[in-house]
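The tour moves from strands to side chains and then to the helices.

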Amino acid sequence: MHLDTIINQTILLQTSNHPTPHLETELEIMQRLLENGNTIYWIICKGNFQTCFHNPEHKLMHCQVCHSRVNKGLDALKASVNNNKNLHVLNYDQFMTLEAFKQSGYKAAQFTTINELKAHQYKSYDNGMATMSSLVSFTRDHQPDLAKYRNFIDRGLLTGAYLYDLFHLVLDKIKPDLVIIFNGRFIENRPLLRVCEHRNVDYATHERGGKMKNFLFRVNSIPHSFEAITKEIQTLWNNNAPDREVIGEKFYSKRVKRVEDAWYSFTKNQKYGQLPESFERNKGKKIITIFNSSLDEYEGLAGFGPKFYDNDNEGILAIAESLKAFPNIKLYMRVHPNLKGIDNTQNRFINERIKSSNIEVIAPEDIVDSYELVDKSDIIIVFTSTVGVEAAFSGKKVVLLGRAAYESLDCAVIPKSHDELMTVLTDDNYVFPEVKIENPLKFGYWFENFGIDYKFYTPMGISKGKFNGKSIKANFILRRVKRFVKWFS
């Protein structure tokens with residue numbers, strides 16, 4: 001379902017993440033829908049969320065600045081659309097207040113472990129998993145201290161349960177043909193997604209697109225769905241655009257050049273051509289390099305981790321220990337630059353356990369060139385990193401141990417067990433299947449194209465832009481007070 005094919009329907013849109021470009025994306029979506037004769041109900045938070053992605057600690061000034069910016073966006077939208085009479089603004093208290101929900105019999109969940117938290121259900125809603133997902137994003141730690149963050153967790157579970165019950169009331173009242181939400185994995189929006197699934201109501205998620213110039217709009221699926229991505233990759237390629245190979249190749253050349261046209265480049269501070277100092281001493285050995293992922297990026301999403309290890313860290317340690325018996329193999333590990341300067345469980349495990357094993361760890365802030373390391377290695381191991389498909393495009397031997405957007409493109413060997421992996425890594429007679437160059441090109445072409453081009457929002461940077469020529473900013477005084485409070489605290 002393309003956004004512009006939705007005509008004369010009733011739409012419920014929840015706003016929940018307000019930094020640029022997400023609020024502007026919602027304004028873009030609503031303007032296009034209103035121009036096609038749709039009726040939109042836009043439900044806005046006025047501090048109802050007790051925690052959210054943008055304001056995890058539920059700070060009053062953050063709420064006020066957020067709500068002010070949303071109101072500015074509403075004014076800009078009304079000024080841009082002739083039939084704004086079809087736009088209706090809702091707030092949560094119209095359906096049920098948080099206090100009324102708490103008095104209806106809600107009881108706080110009891111748990112002592114992360115697994116118990118993840119498994120917690122409110123009625124038929126995976127409340128614990130959504131809360132864990134938001135907590136991990138807040139702390140940047142895939143195994144946060146539950147006692148330390150108990151207040152956040154209680155507020156998250158309360159918010160999720162409240163919204164789950166409330167959205168049943170909203171759908172009863174509005175009876176939408178389509179529901180639109182941001183992302184779908186956080187405390188504040190997953191309840192609505194689950195209500196839609198349980199009641200067989202179509203929904204769409206929006207997120208950043210493959211480039212700053214476009215946005216993702218995916219129906220009945222979250223942005224992280226590998227199944228949806230697989231279909232998109234094949235559908236785009238099958239359109240047989242005459243320049244698809246050229247565009248697909250451009251994706252890889254821009255990555256090497258550190259071009260920032262979709263998201264920040266994690267390799268821009270690395271020195272071109274730089275290799276580890278030990279590289280020269282290990283000439284003649286088989287070089288295997290592992291590129292890990294930051295575990296907090298997919299914790300809280302079911303089915304994202306390694307297939308036969310508990311997580312990346314445990315897998316890397318097991319590989320390093322097993323390769324101690326093979327002195328002809330030199331093992332490197334490139335720590336994801338996104339982990340730079342973070343004191344979390346993953347980095348502590350790397351520093352305390354993995355570094356003491358049979359592996360040379362390249363720190364996230366190290367200037368070693370990841371692309372030169374790929375080029376000079378014999379085998380590349382990844383868990384979910386895009387480095388895997390980039391290495392495959394360069395003709396390297398790649399082993400994939402987790403889930404990845406390119407997993408269906410035959411770009412990597414995907415072992416089924418640790419023993420099979422060891423055979424792949426240590427048996428010099430093992431033959432890696434030949435990778436057809438078309439397969440990584442499919443991924444590059446998809447990445448360059450997925451999403452819908454903006455018509456009314458003009459990006460001026462990764463997190464800066466204008467909607468219909470205007471910057472959407474909160475009230476000046478509120479913004480200044482917020483900065484002062486932040487500085488003072």
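**Starting at strand S6**

Select S6 to begin: five of its six residues are buried, so this strand is largely enclosed by the rest of the structure, where buried means under 20% relative accessible area, exposed over 50% and partly exposed in between, with a 1.4 Å probe and protein chains only. This is a predicted model, in which local features need pLDDT of at least 70 and side-chain atom pairs count only at pLDDT 80 or more, while totals for chains, interfaces and linings use all residues. Residues are numbered from 1 along each chain as its sequence is written, and side-chain values use heavy atoms, with hydrogens and water left out. Helices (H or I, at least four residues) and strands (E, at least two) are DSSP runs numbered from the N terminus.

**The sheet around S6**

Strand S6 covers residues 214-219 and pairs with S12 in the antiparallel sense over two bridges, two strands being paired if DSSP finds at least two bridges between them. Select phenylalanine 215, and you will find isoleucine 452 of S12 opposite. Towards S5, the pairing with S6 is also antiparallel, with five bridges, and the two strands form a hairpin with five residues between them; alanine 204 has valine 219 in S6 as its bridge partner. Widening the selection shows an open sheet of seven strands with mixed pairing, in the order S3-S2-S1-S4-S5-S6-S12. Its edge strands, S3 (87-91) and S12 (452-453), each pair on one side only.

**Glutamate 207**

Next, select glutamate 207, which sits in strand S5 (residues 203-208). What is the nearest side chain of opposite charge to this buried residue? It is that of arginine 208, 5.1 Å away, and glutamate 207 has no salt bridge, a term that requires a side-chain nitrogen of Lys or Arg within 4 Å of a carboxyl oxygen of Asp or Glu. Leaving aside neighbours within four places in sequence, the residues in contact with glutamate 207 (heavy atoms within 4.5 Å) are His22, Phe182, Asn183, Phe215, Leu216 and Pro223.

**Helix H6 and histidine 168**

Finally, select histidine 168, which is located in helix H6 and is partly exposed, with a relative accessible area of 22%. Apart from neighbours within four places in sequence, histidine 168 is in contact with Val195 and Arg199. Proline 191 is 23 residues from histidine 168 in sequence, and their C-alpha atoms are 9.7 Å apart in space.

Notes
Lys and Arg count as positive and Asp and Glu as negative; His and the chain ends are not counted.
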